[in-house]
Amino acid sequence: MKTIMAAGLTKSAKKFNTIETLRILLEHPIIMFNVIRMMDKNKVRFINEAHLAQEILHYTSKVDSTEKQRLTLAFDTDNLLQSHILMDKDIYQGSCRLSFQEGIITLFRLCENSLYQELTDSKLKSRLASLWRLQERITQAELSFIDNDPDYLEFVDDLIQQLSELLSLLKQNIDRMQGLGKDLEAMSSQTSQSPSTNDDNYMGIEHKEKMLAQISYLFERHIKPTQNFLNYSTRLAKGSNLFETLESFKQAFSGNEKHNLSSQILRYSMSFSNIFVPITEVAHQVDQFLRKTRTALLQSNAMEHFHQKLITAYDKTLDRNLNKTKIDHNLVKDFDFINSLKRVSKLKDFRVGQSTSYFNNLFTELSLRLEALSFDGYTTNNEDFNLTSSIDNSESINLKRALAMFEHLSAIKLRASDDLTAMLHYRLSDSFTDYRLADLIAACQLMQEQQSEFILKTVNNKAYLRHNDEVYIYRRKKVLVKNHQEISE
């Protein structure tokens, strides 16, 4: 290369053929990888000869002299043109531009997944337009469908080649998009690093916005067009979609008794359909990532905005003015979310949990349950009470259940309590799996009739209990000792 030779390298008359040149390029693929990345970054199809020379000089500085000479000869402009590695060389505005063969660029893209270019809407439409041109030849009856006809044979070869290339491009595109999850994870980990200063924090937000713009561009320009292209229900303004086009080819071959070709077109159609599922999953993952990232950016910007206001108000309290020792309360008016929180009712405290009567009732209930468990004539086996009704012996079962309920209530020993109804409710619901609210009413009535040492008195204090996802409000029933009727309510 001319630029390299100007740096002091001697040019040899020897040149490599295409195979030897390509072998050297593949032995040192990093040079071409960097060249392709530079072209993709500048969004051009060529590279300046000076930039290529700089890349070669940088790379050959790390190899021995023999390999350095081989690389210099292989990347010499005349050698690249002679071996047809370069497609063209032209001078534009004083700089020499080199254009590599598209096949060479594609070969190195296949060797490095990160260099693969996602399909755009324009590329997909151009591929479909090529299939439309072949479709027109069928609709206009230009083909004879005779095996010995050269036009028909060229048509079949062109169709199969286009479908094969399209399927290969889409499969590579799917592999690249499925690896997008790792890229998103790497981006998230980079932006999750906590900044140490305000400037770093600003750069973090700026990096997040740049990341969101890049992934949004990838989603809108590459993923969604591919998803729409592979959707069989897509309707286009001009022409048929991919699957409708393939169906027209299939019917044409089938109608002319070319069943092998018709089956081959069907297999292509099924392959394109199978690609639609993974691309849809990738589209869903990226869409979820974009939604979460946008929300996180809005929240981060909002918190940073109000944090800066708060810091500014706090700095004013650090001045020499000793009268200003607190943050101005008018600052709260700028925080709409704080004003909204003011209107939310506060949670009520459970004052009964800290009162003496609460603990007295709790210990009384515990002691009564312990006595009930130790009572010989009472059993806690729920299976004795949970009887299954039938048509023939329903009256007998109801009678057994009533007797079991009566024995259970008779074993309960009362003590002074502020809420007899709640105590009976929890006792019966724990002991009877088929417990009903009517049992509680009957139990309260039975306890009212059988007590001789206590007085059951209903007061105006209301309470509630929950049963079967329903809440019932009732008036409390107190248990008072007969000789202490003077206890205030």
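Trainee: Let's take Glu102. How does Glu102 count by its relative accessibility, buried or exposed, or in between?

Mentor: This is a predicted model, so every value here is computed from it. Buried means under 20% relative accessible area and exposed means over 50%, with partly exposed in between. Glu102 comes out at 39%, so it counts as partly exposed.

Trainee: And which residue forms a salt bridge with Glu102?

Mentor: The general idea: side chains of opposite charge can pair when their charged atoms come close. Here the partner is Arg45, and the closest N and O atoms are 2.5 Å apart. Arg45 sits in the loop between α3 and β1 while Glu102 belongs to helix α7, so the pair ties together parts that lie 57 residues apart in sequence. Arg45 itself is exposed, at 55% relative accessible area.

Trainee: How many salt bridges does the structure hold?

Mentor: There are 10. One of them links Asp40 with Arg109, with 2.8 Å between the closest N and O atoms. Asp40 is in helix α3 (residues 29-42) and Arg109 in helix α7 (residues 102-111), so this pair ties together parts 69 residues apart in sequence.

Trainee: What about Asp419, which residue is its partner?

Mentor: Arg476, and the closest N and O atoms are 3.9 Å apart. The cut-off is within 4 Å, so the pair counts. Asp419 lies in the loop between α16 and α17 and Arg476 in strand β5 (residues 470-481), so parts 57 residues apart in sequence are tied together. Asp419 is buried at 15%, and Arg476 is partly exposed at 32%. Salt bridges can also share partners, as they do in the network of Glu27, Glu67 and Arg70.

Trainee: Now the strands. Which strands are joined to β3 by bridges?

Mentor: Look at who pairs with whom, and in what direction. Strand β1 (residues 47-48) runs antiparallel to β3, with 2 bridges between them; Asn48 has Arg97 as its bridge partner there. Strand β2 (residues 86-92) is also antiparallel to β3, joined by 6 bridges, and Leu86 stands opposite Phe100. The β2-β3 hairpin has 2 residues between its strands, and Gln93 takes a positive phi near 55°.

Trainee: How many residues of β3 are buried?

Mentor: 5 of its 6, so the strand (residues 95-100) is mostly covered.

Definitions and conventions: Residues numbered from 1 in each chain as written. Predicted model: local features only at pLDDT ≥ 70, side-chain atom pairs only at ≥ 80, totals over all residues. Heavy atoms only, no water. Buried < 20%, exposed > 50% of the residue type's maximum accessible area, 1.4 Å probe, protein only. Helix = DSSP H or I, 4+ residues; strand = E, 2+ residues; numbered from the N terminus. Pairing = 2+ DSSP bridges. Salt bridge = Lys/Arg side-chain N within 4 Å of Asp/Glu carboxyl O.
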